[in-house]
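Hi,

Here is the structure I promised to pass on. Have a look, and my notes on what turned up are just below.

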Amino acid sequence: MQNKFLGLTPPMGWNSWNTFTHAINEDLIKETADAMASSGLKDAGYEYVVIDDCWSLRQRDQDGFLVPDPEKFPHGMKAVADYVHEKGLKFGMYSCDGTHTCAGYPGSFEHEFQDAATFAAWGVDYLKYDNCYKPRHMDGEMLYKRMSLALRNCGRDILFSACNWGSDDVWSWIQGSGAQLFRSTGDIQDSWESIKNLALSQMDKMAYSGPFCHNDIDMLVVGMHGGSNNEFIGSVKGGCTDEEYRTHFSLWAMMNSPLMIGCDIRKMSEYTKETLCNPDLIAINQDIECRGPYVVPGHDPAALMALVKPMSDGSLAIGLFNLGDRKAEMSLQFWDMGIPAAAGVGLEMYDCWAHQTEGTFTERYAAQIEPHGCRVFRAKLVKVR
Ligand code: GAL
């Protein structure tokens with residue numbers, strides 16, 4: 001690899017799956033790249049435009065090469081990649097470690113090195129690699145290692161986003177594979193229950209995530225409001241409230257998940273844009289040390305969860321999450337975070353959604369949190385006496 005910083009912090013971008021599934025084409029990808037560049041998302045740090053499943057023909061060509069569907073991508077993939085690159089963005093694609101992708105298109109099994117070369121020739125910068133139709137005699141760990149090696153030797157920097165949904169104890173071997181991401185969960189749905197369950201499922205895995213190899217809790221549903229064309233993802237359920245999407249974004253940011261947008265950014269509301277572009281949350285997510293947060297004891301996390309993440313400048317990112325269905329008071333005792341009362345140190349609490357300092361507190365902080373709501377702070381240690 002040329003770029004020694006590839007995947008140092010969690011990638012940020014957009015992926016076609018959550019909203020569009022099979023209904024993808026060249027115009028959509030170009031318009032999305034336009035929107036990313038013109039809307040402020042690019043300036044906020046979003047850079048990858050990723051095409052998920054359903055982009056190819058159902059068969060490889062006679063020499064075994066993958067073929068883009070000429071109806072969806074009449075000018076081929078290189079043309080799309082060039083367009084995305086001209087916008088100052090990066091281009092991502094999708095394949096699978098099995099014989100077929102999850103939607104039944106050709107997978108990269110036994111074609112790993114050939115496909116890596118194809119992706120490099122097209123100008124791909126990011127590869128999401130799924131786990132469907134893996135032959136039973138094959139070990140998933142080995143298949144991810146294969147593709148990772150193929151990508152690391154294809155002559156182009158391609159970020160490797162492994163997507164095996166947390167199976168095969170992925171956290172225990174993924175570092176050694178060389179992948180920059182590992183999907184740790186099943187597919188997200190555009191519902192509060194799904195957001196809550198995915199976040200809770202990874203609380204005991206935060207220690208396995210770190211620089212260059214991040215726990216991927218799945219793509220964001222922020223701003224979708226039921227806009228998927230896929231029933232499972234949630235078009236029939238109507239999605240979430242804007243407040244719930246903010247809590248979702250806060251959780252993903254605090255948990256160092258990649259921030260891959262799943263809504264139609266050509267049509268997002270101002271509120272959605274503000275949520276996705278919150279610079280204080282993005283700074284927490286992109287902190288260079290990528291330390292996973294810990295859960296502060298004292299509450300039942302399934303209802304009230306306090307997360308603390310040490311930041312590289314010595315401050316603490318603190319998230320108070322009310323995952324329950326009733327308004328509740330949450331309190332944080334500072335000695336639970338390593339600040340004894342005798343130290344003469346307080347916390348200057350900067351509210352990352354209100355974008356203002358709430359004040360300096362000693363020994364404890366307490367706040368009322370709305371159901372499915374949250375407060376996120378950047379807390380600076382200050383001398384109080
Ligand atoms: C799933 C994957 C989704 C999406 C889909 C495409 O396995 O988790 O994120 O990529 O396949 O078929």
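First, a term: on a 1 Å grid over the protein atoms alone, a cavity is a set of points where a 1.4 Å probe fits but cannot get out, and lining residues have an atom within 4 Å of a point. Points are joined across faces, edges and corners, and a volume is the space filled by probe spheres set on them.

This is a predicted model, where local features need pLDDT of at least 70, side-chain atom pairs count only at pLDDT 80 or more, and totals for chains, interfaces and linings use all residues. Residues are numbered from 1 along each chain as its sequence is written, and side-chain values use heavy atoms, without hydrogens or water.

Searching the whole structure gives three cavities of 30 Å³ or more. The largest has a volume of about 60 Å³, and its lining includes N15, R183, D216 and D218. Strand 4 (126-130) and strand 5 (159-163) each supply at least two lining residues; strands here are DSSP runs (E, at least two residues), and helices are too (H or I, at least four), numbered from the N terminus.

The second largest cavity holds about 40 Å³, with W55, Y94 and T101 among the residues lining it.

There's also an open sheet of six strands, antiparallel, in the order 9-10-11-16-13-14. Strands pair if DSSP finds at least two bridges between them. Strand 13 (345-351) pairs with strand 14 over five bridges, and E348 stands opposite T360.

Enjoy!

Key:
On a 1 Å grid over the protein atoms alone, a cavity is a set of points where a 1.4 Å probe fits but cannot get out, and a pocket is an open set with protein on both sides within 12 Å along at least five of seven lines; lining residues have an atom within 4 Å of a point.
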